[in-house]
Amino acid sequence: MKVAFRVDASQAIGTGHLRRYLALAHAMRELGADLRFVVRDLGLDTAALAEEAGFECLVLIKPGNEPVASEIAHGDWAGVSEAADAADTVAALGEWQPAWVIVDHYAFAAGWHAAVRSGLECRIAAIDDLADRALDVDLLIDHNYDADHRAKYAGRIPAATPVLGGPRFALLGPAFADAPRYAPHREVRSIGIFMGGVDHDNGSSLALQSVAEAGFEGEVEIVATSANPNLDALRAAAADRPGTVLTIDLPDLAGFFARHDLQIGAGGGASWERCCIGAPTLLLLLAENQRAIVPVLAAEGVVVTPMPLGTLDAAAIAEATGALIADPDRRYDLSGRSRALVDGLGAYRVALRLLADRVAVRPATLDDAGIMHRWRNDPATRRVSRTSQEIGWDEHLAWTGRVLADPERDLMIGAVGDRPIGVIRFD
């Protein structure tokens, strides 16, 4: 199946949208999809990031300096009008004819979706979390926590549009599913700081100042990217504090989140990465769109945030940091609640939904016994089974052998690409 991704990164947009797109793209490629990225030159080398990950990328022309008139709250982020971008996207992908176009862009609404669907005769999926505009899509993905995603998007999407909502669908890179989790310690030995790919307001330096004001004398690691416009100031701040390391363009954030006893970060997409690893986190509200994440996670006791919400005062952040350093039981609780929320498989769940009409079945073999055993003993399966107790391995293996040898029974495995997704038996 051919699938196109329409996404941008810039100083205004940041790089979080691209990060979650790459996570979904890795999962879809593993399931056999043929992928292309479509980006616009908005000042950051987005194409290089996609191509470095092994994905073909089509670059739309760099916009001029003319202001963009739009009724959409973030309409100017695309650099061109919604209609012009839709036309450019259709022109770039017309000969390729994708089955899906997946768009992650706050500047595009129902008009863009309808124009691209009509021009390419494809289905449209949107990744969103703002719910601030009409979306004419065939599938909606919002991996942020909400009590009722259907109510959140009421009047914004067609009534029949499926919604994949909540951290179960968190779009994390492939490393996170099996990455080592944080192992809690009573003492805070080191602190990690990551404020996102751009950190336009230099929250990293503010966090470092807060750590000093909290009286913490241990090691601090700050992770930033080469897209950060404040790198010179950040380097100077790190050099002024002994025991501070500044790491640029770190490829493995999973390891970074696991090796520090406290994380201070911004409430963007990395929030779900920290949750997956179980990192105790002080979460800062640095951008308006992070209101979809920070208040809810704080209310659920998954993170701590300086109060009042949205406070970016060094003294208030220092007070919250000091309180967490002094309270190991609270940090243990944060770690446990975080891990229970995100398991790192969200990108695969979304990819499987997008590729659902490519499910194929094949005869099962004895090599499938292991995964069938895990499926059978999952609590969700046992709740709807005639016998709800767990089945032992030896008993399961013997049963599998008998079924495979019985000419009056067919045991089949369903798969998308090479990934098994379920089992069905005909007697």
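Buried means under 20% relative accessible area, exposed over 50%, and partly exposed in between, using a 1.4 Å probe and protein chains only. Keep that in mind for this tour.

The model is predicted, so local features need pLDDT of at least 70 and side-chain atom pairs count only at pLDDT 80 or more, while totals for chains, interfaces and linings use all residues. Residues are numbered from 1 along each chain as its sequence is written, and side-chain values use heavy atoms, leaving out hydrogens and water.

**First stop: aromatic pairs.** Rings of Phe, Tyr and Trp (its six-membered ring) pair if their centres lie within 6.5 Å; planes under 30 degrees apart are stacked, over 60 edge-to-face, and the rest tilted. By this rule there are seven aromatic pairs. Select Phe 5 and Tyr 21: their ring centres are 5.0 Å apart and their planes at 70°, so this pair is edge-to-face. Phe 5 is buried at 0% relative accessible area, and Tyr 21 is buried too, at 0%.

**Second stop.** Now select Phe 37 and Phe 55. Their centres lie 5.4 Å apart with planes at 40°, so the pair is tilted. Phe 37 is buried, with a relative accessible area of 0%, and Phe 55 counts as buried at 4%. Show these four residues together: ring pairs link Phe 5, Tyr 21, Phe 37 and Phe 55 into a cluster.

**Last stop: charges over rings.** Here NZ of Lys or CZ of Arg must be within 6 Å of the ring centre and within 35 degrees of the ring normal. Select Arg 186 and Tyr 332: the charged end of Arg 186 sits over the ring, 5.7 Å from its centre. Then select Arg 419, whose charged end sits over the ring of Tyr 348, 4.1 Å from its centre.
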